[in-house]
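This briefing takes up the ligand site first, and then the aromatic and charge-over-ring contacts.

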Amino acid sequence: MIKLPINYHEPLPAAFYPASAPLPFSRADFGADFHWGAAAAAYQTEGAWQHQGKGPSIWDDFTRRKGTIRRNEHGRVAADFYNRYETDLDLARGLGLTDFRFSAAWSRVLPEGLGAVNRRGLDYYDRLVDACLERDLRPWLTLYHWDLPSALQARGGWTNRSIVGWFSDYAQIMARRLGDRVQHWAVLNEPMVFVGAGHLLGVHAPGRRHLGAFLAAAHHATLAQAEGGRALRALLPDSAQIGTTFSCSHLTPHRPGNRNDEAATRRADALLNRFFVEPTLGLGYPVAELPALRWLLERYLKPGDDQRMKFSFDFWGVQNYTREVVKFSPWLPLQWATLVPAKQRGVPHTDMGWEVFPESIYHMLKQFAAYPNAPRLLVTESGSAFPDVVQDGRVPDPARRAYLQAAIGQVLRAQQEGIDVGGYFAWSLTDNFEWAEGYGPRFGLIHVDYETQERIVKDSGRWYQQFLGGTAVASEPERAAAERV
Ligand code: FCB
């Protein structure tokens, strides 16, 4: 076992590694089959919001409402990935990635969410898959990364139980068209975020703030998660690796040993880390820690649902950015829990206000792997947003690079303790539209100038490329300069 150089029990200083520090591990330590990727999502990158028959999605609608998004930004152009995917996949290949994770926009394929297929939309994903394969990048297709067709929202969206069937129909269309080439499927992206931020907190589309809507959407997402898995497996019984992804954060009590804070931490863990995971294993919802879920059971659970919520996934995608510190809150009606913001705690944090705490990923891999019958784990998102400055055609981003190195080190730490973790996907390949935060926070390994759509591989991306042994990647200004000579 190798020794990692940092005390991983302390928050990581923003720019930990000096440029020359050799890492105490290499790619080979992870095994030859390890998947090395970067991830992206349709609404955040594609743009082309009305192009070639695409129907509107709830994010097209939500971003039109004043005051929902910083600076009233929207994803109508985004990183123009719809038109520039070949350039971006070339860069991904140049970085030495073996895998690329992206999502399909449901309303590009089915403008009404159901019924008639938009051929041109489906053709686009067909071309995208081929473009990945031509570059030896394995495509990982996420079916749902939050952009529900508006036409389905008009019918109640996730609060309408019919969505389970609508989603299954959409999954089957994708499997029939792409299943001969796509081997890796993720059913949902982070249900707790689109259900919670979208239906309880109101800060994501569709912008609802309603406990009933949250509970209904949560249960239907749980059912769709399993049903989507079954639809894919029925059509692709031999070839497909079927997974789904979960948001998660390692949680620590504000005052360790304090009974109230410890109990609040357990409740937060049930909500943020266990809620969508346990029903897939047949463990049901964590009702003991979250008594309010009794309403969900009374109102929305139908006979047979306990079975319907189960699905034996081939992998779980673990998505982690930070840890949370949890404090008992006597003031909320449920005497619940509050998360103490990193800024308030005075610890290093990213542009999202998230504490820089890469060891969170290690703890979450351990926590998920501890379930009996847990499938193989992959880190399908991990990354950090820091302000970037372009200097002479380069983007020096030591803090992001340090985060990336440390997160990868933490994955190795888990793997060396026997956890079956098979891949690491950096979020994100390029800068993109960060939901309610607009274009402010930049997560990319590749910088995007949103005025010109020029791409520059950041120093973090260059480091990843060296680590992976990819071919050298030049920035667009460097390439242009070379052509001029
Ligand atoms: C995750 C989302 C992803 C991205 C990152 C920063 O929760 O899945 O789309 O926004 O956060």
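How far does a polar side-chain atom of E190 lie from an oxygen atom of the ligand? The separation is 2.5 Å, a polar contact by the criterion of two N or O atoms within 3.5 Å (within protein, one must be able to donate a hydrogen and the other to accept it, and residues adjacent in sequence count only if both atoms are side-chain atoms). The model is a predicted one, in which local features need pLDDT of at least 70 and side-chain atom pairs count only at pLDDT 80 or more, while totals for chains, interfaces and linings use all residues. Residues are numbered from 1 along each chain as its sequence is written, and side-chain values use heavy atoms, with hydrogens and water left out.

**Aromatic pairs**

- The whole structure contains 46 aromatic pairs, meaning Phe, Tyr or Trp rings (for Trp, the six-membered ring) with centres within 6.5 Å, called stacked when the planes are under 30 degrees apart, edge-to-face when over 60 and tilted otherwise.
- W140 and F315 are edge-to-face because their planes stand at 70°, with the ring centres 5.3 Å apart.
- That pair joins strand β3 (residues 138-144), which holds W140, to strand β7 (residues 315-319), which holds F315, across 175 residues; strands are DSSP E runs of at least two residues and helices H or I runs of at least four, numbered from the N terminus.
- Both W140 and F315 are buried, that is, under 20% relative accessible area, whereas exposed means over 50% and partly exposed lies in between (1.4 Å probe, protein chains only).
- Y321 and W354 form a tilted pair, 5.3 Å centre to centre with 50° between the planes; Y321 is buried at 12% relative accessibility, while W354 is partly exposed at 27%.
- One aromatic cluster consists of Y43, W59, F62, W146, F433, W435, Y439 and Y450.

**Charges over rings**

- The charged end of R108 sits over the ring of Y124, 5.8 Å from its centre, the criterion being NZ of Lys or CZ of Arg within 6 Å of the ring centre and within 35 degrees of the ring normal.
- R323 lies over the face of F357, at 4.0 Å from the ring centre.
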